[in-house]
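Here are my notes for your first reading of this structure. Keep the 3D view open and check each point as you go.

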Amino acid sequence: MPERMALATAGAAPAARGPADAPRAMKPAAGRAEESERLLDGLRAAGAAREAALTELHALLVRGAHHELRRRRELLAHVSHAELDDLATQAADDALAMVLAKLDTFRGASRFTTWAYKFVLLEAGVKARRRAWHGREVVLDDDSWRRLADTAPSVQRSVEDAELLRAIAGAIETGLTAHQREVFTALALNGVPIDVLAERLATTRGALYKTLHDARRKLRATLAGAGHDLDDRGGEQ
Amino acid sequence: MTTDHPDRALIGRLLGPADPEVSCDECFELLDQYVDLEVAGEDADARLPGMRAHLQGCPACHEDHESLRELVAGDGTRPTG
């Protein structure tokens, strides 16, 4: 058994695992619902039934991790297949530990497999973003937001959009704290992944998003106070 | 609003959603339920208010949502109610 898996399942390690990303037969929806229930029952059981359920869950999590990493293949184009396999295994192992630690909190509001998948997608997504940004500098006192103040109307840019962008630059300068400005610039303007910034600042995704959210609220309030109509503005990826 | 225009997309990214939204932690707690409702054809936004706005405002949670929905929808785990 790999060392990481042993760490993830200490005290509850299954005897064996299946292939990392083995092909599987598609099952009808009702069959998958039963499979989800059976898997959950197995994890709550003891002995051989739990061992089998752990093996099945780990295989499911590895499948989820590979799904997530495939979605990010452009981001990870420079990463070898061997390293991607290792990232998937690490994500599955970490997710397995999280699922087992939180198993008692599962209340059945969703399918168990959906619940379990979200843990491994989170783990694999975070690892992928951090791997992609490995070695890249994140400049925190970046003042690239000032360029918004130079925005002028053009063939491609309406007078209203140019005016709003300039007003946003003014609101960033006068309305945000230095910390809000740094976080806002990195996340909303420069596209630094929030998990990467969280790692660099030794904080959490939730804490950084709260800062971004508060900054956006301040900007909206400032802009609305200056008479800008924001009803049709904002909010989309 | 459309995000086809780069300036509109930029403004959208800068200002974020106007509607009340859940936090990242709340989003993670509800994400599996939200996706199962979506895949089952239910009105997930009515059942779990605040999720849609957060998914529009938070790129990382947005990606997690897209990935989970794609995985569940393609995995044969479609909820049957």
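1. Start with one term. A residue is called buried if 20 or more other C-beta atoms lie within 10 Å of its own. Keep in mind that this is a predicted model.

2. Now apply the term to helix α2 of chain B. Twelve of the 16 residues in α2(B) are buried, so the helix is mostly covered by that cut-off.

3. Look at the geometry of α2(B). The helix spans residues 24-39. From first C-alpha to last, α2(B) reaches 21 Å, close to the 22 Å expected at 1.5 Å a residue. Yet α2(B) has a kink of about 50°, and the kink is centred on Leu30(B). After the helix comes Gly41(B), with a positive phi near 85°.

4. Turn to chain A. How many helices and strands does chain A have? There are nine helices and zero strands. Of the 237 residues in chain A, 36% are buried. Take the contacts between residues at least 6 apart in sequence: 71% of them join residues at least 24 apart.

5. Find the largest nonpolar core. It holds 71 residues. Those with the most contacts inside the core are Leu61(A), Ala65(A), Ala92(A), Ala116(A), Val120(A), Ile168(A) and Leu187(A). Helix α5(A) gives the largest share, eleven residues. The core also draws at least three residues from each of domain 1 (3-132) and domain 2 (144-225) of chain A.

6. Zoom in on Val120(A). Which residues is Val120(A) in contact with, leaving aside neighbours within four places in sequence? They are Leu61(A), Gly64(A), Ala65(A), Ala91(A), Ala92(A) and Ala95(A). Leu61(A), Ala65(A) and Ala92(A) are also on the list of residues with the most contacts inside the core.

7. Last, check the confidence. Chain A has a mean pLDDT of 85, and 84% of its residues reach 70 or more. Residues 1-26 of chain A stay under 50. The model still has 37 contacts beyond four places in sequence for that stretch. Where pLDDT is low, predicted coordinates should not be read in detail.

Conventions:
Residues are numbered from 1 along each chain as its sequence is written. Chains are lettered from A and ligands numbered from 1 in the order in which they are written. This is a predicted model: local features need pLDDT of at least 70, side-chain atom pairs count only at pLDDT 80 or more; totals for chains, interfaces and linings use all residues. Helices (H or I, at least four residues) and strands (E, at least two) are DSSP runs, numbered from the N terminus. Two residues are in contact if their C-beta atoms, placed from the backbone, lie within 7 Å. The expected span of a helix is 1.5 Å times one less than its number of residues. The bend at a residue is the angle between axes fitted to the seven residues ending there and the seven starting there. A nonpolar core is a set of buried Ala, Val, Leu, Ile, Met, Phe, Trp, Tyr and Cys residues joined through C-beta atoms within 7 Å. Domain bounds come from an automatic or database domain assignment. pLDDT is the predictor's confidence in each residue, from 0 to 100.
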